[in-house]
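Here is a friendly briefing to read alongside the model. Take a look at the sequence and the fold first, and then walk through the points below.

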Amino acid sequence: MTGIAATFARELSVALKSADAPTNPVTDDVSAWLERFRTALDGVGDAQDDSGAPVKLPAGPAEWLRIARDELDGLPALVSAIHAAASGGRWYQVYAVDEDSTEVSDNPMRDLASGMYAAQMIGPRGLIKSTELLAGLFLLRPRLHYPLHQHQATEIYFGASGTMHVQQGLGRVERALGPGQVSLTPSNRLHALTIGSSPVLLLYTWMGELGGRNWWWHQSDEGVWQRDAWERRPNAAWAKTVTEVLPPEHTKIEEGIDVGRGLQ
Ligand SMILES: [Fe+2]
């Protein structure tokens with residue numbers, strides 16, 4: 001008998017075995033990364049959940065989750081593991097905004113924060129504690145656009161419900177990602193997500209450097225690229241800590257998709 005999180009890890013590992021990755025460039029070695037993540041997920045074994053109580057979503061996001069759960073399809077064991085995680089998880093806003101802040105116009109996270117929720121199964125906030133692996137559910141509001149950003153951790157999104165479009169790399173076209181498919185984001189690759197008319201439910205997993213800065217990129221009216229570093233404060237709110245103008249050698253689209261990769 002295992003817990004919700006261990007079952008989730010096991011079924012995600014099985015799901016990754018045969019998933020295709022339509023949003024990745026063909027030059028990415030996606031299958032090798034999927035195997036690395038599967039090894040890490042399999043290492044969870046039959047660990048038990050901690051004894052904390054579930055945390056429910058607010059009314060609006062709870063309705064997105066209901067719609068997403070109604071649309072779940074695929075292997076019964078995976079669907080069952082997702083339902084158990086959705087019911088037993090401790091849901092939270094991915095980007096908690098500081099309510100005392102008056103920098104409304106300066107904080108793009110304020111709008112995004114209300115559209116992104118997670119229930120971590122494995123990780124520092126998970127039902128099983130880990131500092132080396134994250135895995136859980138990620139729920140996104142219809143029509144949300146999560147702009148170009150990068151982080152050190154390597155990330156996998158597995159589509160469970162709904163369709164989104166994923167952009168990997170500066171200037172590249174968005175590609176659709178649906179249920180049963182994966183998007184692999186190598187360390188520090190720029191990526192952006194656009195949600196369609198239905199809520200999207202993803203299974204996510206991270207490996208590598210899990211903390212640190214989350215860089216958000218944006219372009220001025222003059223075409224100059226900048227990036228802002230967002231970091232989690234001790235009170236769990238996110239704050240912009242650094243802004244820097246990017247030198248041209250890091251923003252030349254024709255150089256390929258990993259233009260930001262040399263930047264830390
Ligand atoms: Fe990401």
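Ser 13 is buried, with a relative accessible area of 1%; buried means under 20% relative accessible area, exposed over 50% and partly exposed in between, with a 1.4 Å probe and protein chains only. Please keep in mind that this is a predicted model, where local features need pLDDT of at least 70, side-chain atom pairs count only at pLDDT 80 or more, and totals for chains, interfaces and linings use all residues. Residues are numbered from 1 along each chain as its sequence is written, and side-chain values use heavy atoms, with hydrogens and water left out.

**Around Ser 13**
- Ser 13 sits in helix α1; helices (H or I, at least four residues) and strands (E, at least two) are DSSP runs, numbered from the N terminus.
- Apart from neighbours within four places in sequence, Ser 13 has contacts with Arg 38, Leu 41 and Asp 42, where contact means heavy atoms within 4.5 Å.

**The protein as a whole**
- Five helices and 13 strands make up the secondary structure.
- The protein has 264 residues, and 52% of them count as buried.
- Among contacts with a separation of 6 or more, 71% link residues 24 or more positions apart.

**The six-stranded sheet**
- Six strands form an open antiparallel sheet in the order β1-β2-β3-β10-β5-β8; two strands pair if DSSP finds at least two bridges between them.
- At its edges are β1 (91-93) and β8 (182-185), each with a single partner strand, so one side of each has no neighbour in the sheet.
- From one strand to the next, the twist averages 25°; axes are lines fitted to C-alpha atoms, for helices over the stretch in contact, and angles run from 0 to 180 degrees between N-to-C directions.
- β1 and β2 (residues 116-122) run antiparallel and are joined by three bridges, with Tyr 92 having Ala 118 in β2 as its bridge partner.
- Helix α1 (residues 4-17) lies across β2, β3 (133-140), β5 (154-161), β8 and β10 (200-207), at about 100° to β2.
- Helix α3 (residues 59-70) lies across β1, β2, β3, β5 and β10, at about 100° to β3.

**The seven-stranded sheet**
- Seven strands form an open sheet with antiparallel pairing, in the order β7-β6-β9-β4-β11-β12-β13.
- β7 (175-177) and β13 (238-245) are the edge strands; each has a single partner strand, so one side of each is left without a neighbour in the sheet.
- The twist in this sheet averages 35° from one strand to the next.
- Three bridges connect the antiparallel strands β6 (residues 164-168) and β7, and Val 166 is opposite Arg 175 in β7.

**The iron site**
- His 151 (NE2), Glu 155 (OE), Glu 155 (OE) and His 191 (NE2) coordinate the iron ion at 2.2 to 2.6 Å; donors are N, O and S atoms within 2.8 Å of the metal (3.2 Å for Na, K and Ca), and water is not among the atoms, so sites may look incomplete.
- Along the chain, the iron donors follow the spacing H-x3-E-x35-H.
- Glu 155 lies in β5 and His 191 in β9 (residues 191-195), so this pair ties together parts that are 36 residues apart in sequence.
- Glu 155 is buried at 2% relative accessible area, and His 191 is buried at 0%.
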